[in-house]
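Visitor: I am new to this structure and should like to understand the reasoning behind the terms used for it. May we go through them one by one?

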Amino acid sequence: MPRLRKMLNDFNAPYIKLLMRQIETQSKITLVNWAVDYSERVILPLWLKYCPDDLRPKFALDSARQWLNGKIKLQQAKKKILRCHEAAREAEGNHVAHIAARAIAQSVSTIHAARHCIGLALYGALAIAYDELGTEAPWERLEVRASEECERMLAALWEISIVDESNPANIDWYY
C-alpha cells in the first residue's frame, strides 16, 4: 500500500492558488472567522466521528472564538492550540482523525499568523476526501474530491469577504 499523504502540498494546484489569492485580499480577522467557522461546521464533526470523547479540537476552536471576542489573549488560546496538535499526534493511528485535527489546529493558529488558514484546505480537504473515499482510493480520485472541497471553502470565504478590504493580511506563503 502506498504511503498515505497527510496533506495536499501542491501550492500550484489551481484550487489552492485560487484560495491563496482570495486569502491575500482579506484581513486576519476575516480569515480567522472563515477558518474557524468552516472547521466548526465541517471538520470538527469529522474529528468527533472518530474521536467522540476527545474535545481538545473543540476547545481549541472555542478559544479562537474567545480570542475574536476579546475575552482571552493569544497566550491563553495558544495552550488550547497546542493541545489540539497533541490530539492530532495521538490520533496518528486513524488517518482521517489525525489530519482533521491538524486542519483544526491550523485554522485556530490563524489567530497567531494569517498564513495558517491555508492549513484548513491543505489538511481539511484531504481529510474529507479520505473519509468519503477511503484511504486506499487512488490519489487521482482523492485529489478531485479534495479540490471540490477547496471550492466549497473558497465559496465560504467569498461569502464573508470584504470587498476592497483596507487592511489585508500581509502573508508570506513561502517562509
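Guide: Let us begin with what covers helix α7 in this predicted model. Its buried residues are covered by elements including α1 (14-23), α2 (28-50) and α6 (118-133).

Visitor: Which residues of α7 are the buried ones?

Guide: They are Trp-139, Leu-142, Arg-145, Ala-146, Ser-147, Glu-149, Cys-150, Met-153, Leu-154, Ala-156 and Leu-157.

Visitor: How do you know that the distance between the ends of α7 agrees with its number of residues?

Guide: Helix α7 (residues 139-160) has 22 residues, and at 1.5 Å a residue these should span 32 Å. The C-alpha atoms at its ends are 32 Å apart, so the two values agree.

Visitor: What does the corresponding test give for α6?

Guide: The 16 residues of α6 should span 22 Å at 1.5 Å a residue, and its end C-alpha atoms lie 23 Å apart, which agrees.

Visitor: Which residues have the most contacts inside the largest nonpolar core?

Guide: That core has 64 residues, and those with the most contacts inside it are Leu-8, Ile-16, Ile-23, Leu-31, Trp-34, Trp-47 and Ile-118. Each of α1, α2, α3, α4 (74-90), α5 (95-108), α6 and α7 supplies at least two residues of this core. The most comes from α6, which gives eleven residues.

Visitor: What does Ile-23 touch, not counting residues up to four places away in sequence?

Guide: Ile-23 touches Leu-31, Trp-34, Cys-117, Ile-118, Leu-157, Ile-171 and Trp-173 on that count.

Visitor: What is the packing angle of α3 and α5, and how far apart are their axes?

Guide: These two helices pack at about 15°, and their axes are 9 Å apart. Angles under 35 degrees count as roughly parallel, so α3 is roughly parallel to α5. Their crossing is left-handed. On the α3 side Pro-57, Ala-60, Leu-61, Ser-63 and Ala-64 take part, and they meet Ala-101, Ile-104 and Val-108 in α5.

Visitor: Why are α3 and α4 called roughly antiparallel?

Guide: The angle between α3 and α4 is about 160°, with the axes 8 Å apart. The cut-off for roughly antiparallel is over 145 degrees, and α3 and α4 therefore count as roughly antiparallel to each other. The crossing of α3 past α4 is left-handed. Among the residues that make the contact are Pro-57, Ala-60 and Ser-63 of α3, and Ala-77, Lys-80 and Cys-84 of α4.

Visitor: What makes Ser-63 count as buried?

Guide: Ser-63 lies in helix α3 (residues 56-68). Buried means under 20% relative accessible area; Ser-63 has 1%, and therefore counts as buried. Neighbours within four places in sequence aside, Ser-63 is in contact with Ile-72, Ala-77, Lys-80 and Val-108.

Visitor: Is Pro-57 buried or exposed?

Guide: Pro-57, also in helix α3, has a relative accessible area of 0% and is therefore buried. Residues up to four places away in sequence not counted, Pro-57 touches Leu-44, Trp-47, Cys-84, Ala-87, Ala-101 and Ile-104.

Visitor: What makes Ala-114 count as buried?

Guide: Ala-114 is in the loop between α5 and α6. Its relative accessibility is 8%, so Ala-114 counts as buried. Beyond its neighbours within four places in sequence, Ala-114 is in contact with Lys-28, Leu-31, Ala-169 and Ile-171. Ala-114 and Trp-173 are 59 residues apart in sequence, and their C-alpha atoms are 9.9 Å apart in space.

Visitor: Why is Leu-82 called partly exposed?

Guide: Leu-82 belongs to helix α4. Partly exposed is the range between under 20% for buried and over 50% for exposed; at 48% relative accessibility, Leu-82 therefore counts as partly exposed.

Visitor: How do you know that Asp-164 is exposed?

Guide: Asp-164 is in the segment after α7. Exposed means over 50%, and Asp-164 has a relative accessible area of 74%, so Asp-164 is exposed. The phi of Asp-164 is near 55°, a positive value in a residue other than glycine.

How values were computed. Residues numbered from 1 in each chain as written. Predicted model: local features only at pLDDT ≥ 70, side-chain atom pairs only at ≥ 80, totals over all residues. Heavy atoms only, no water. Helix = DSSP H or I, 4+ residues; strand = E, 2+ residues; numbered from the N terminus. Expected span 1.5 Å × (residues − 1). Buried < 20%, exposed > 50% of the residue type's maximum accessible area, 1.4 Å probe, protein only. Contact = heavy atoms within 4.5 Å. Core = buried A, V, L, I, M, F, W, Y, C linked by side-chain atoms within 4.5 Å. Axes fitted to C-alpha atoms, helices over the stretch in contact; angles between N-to-C directions. Parallel < 35°, antiparallel > 145°, perpendicular 65-115°, else oblique. Left-handed = near helix turned anticlockwise from the far one by under 90°.
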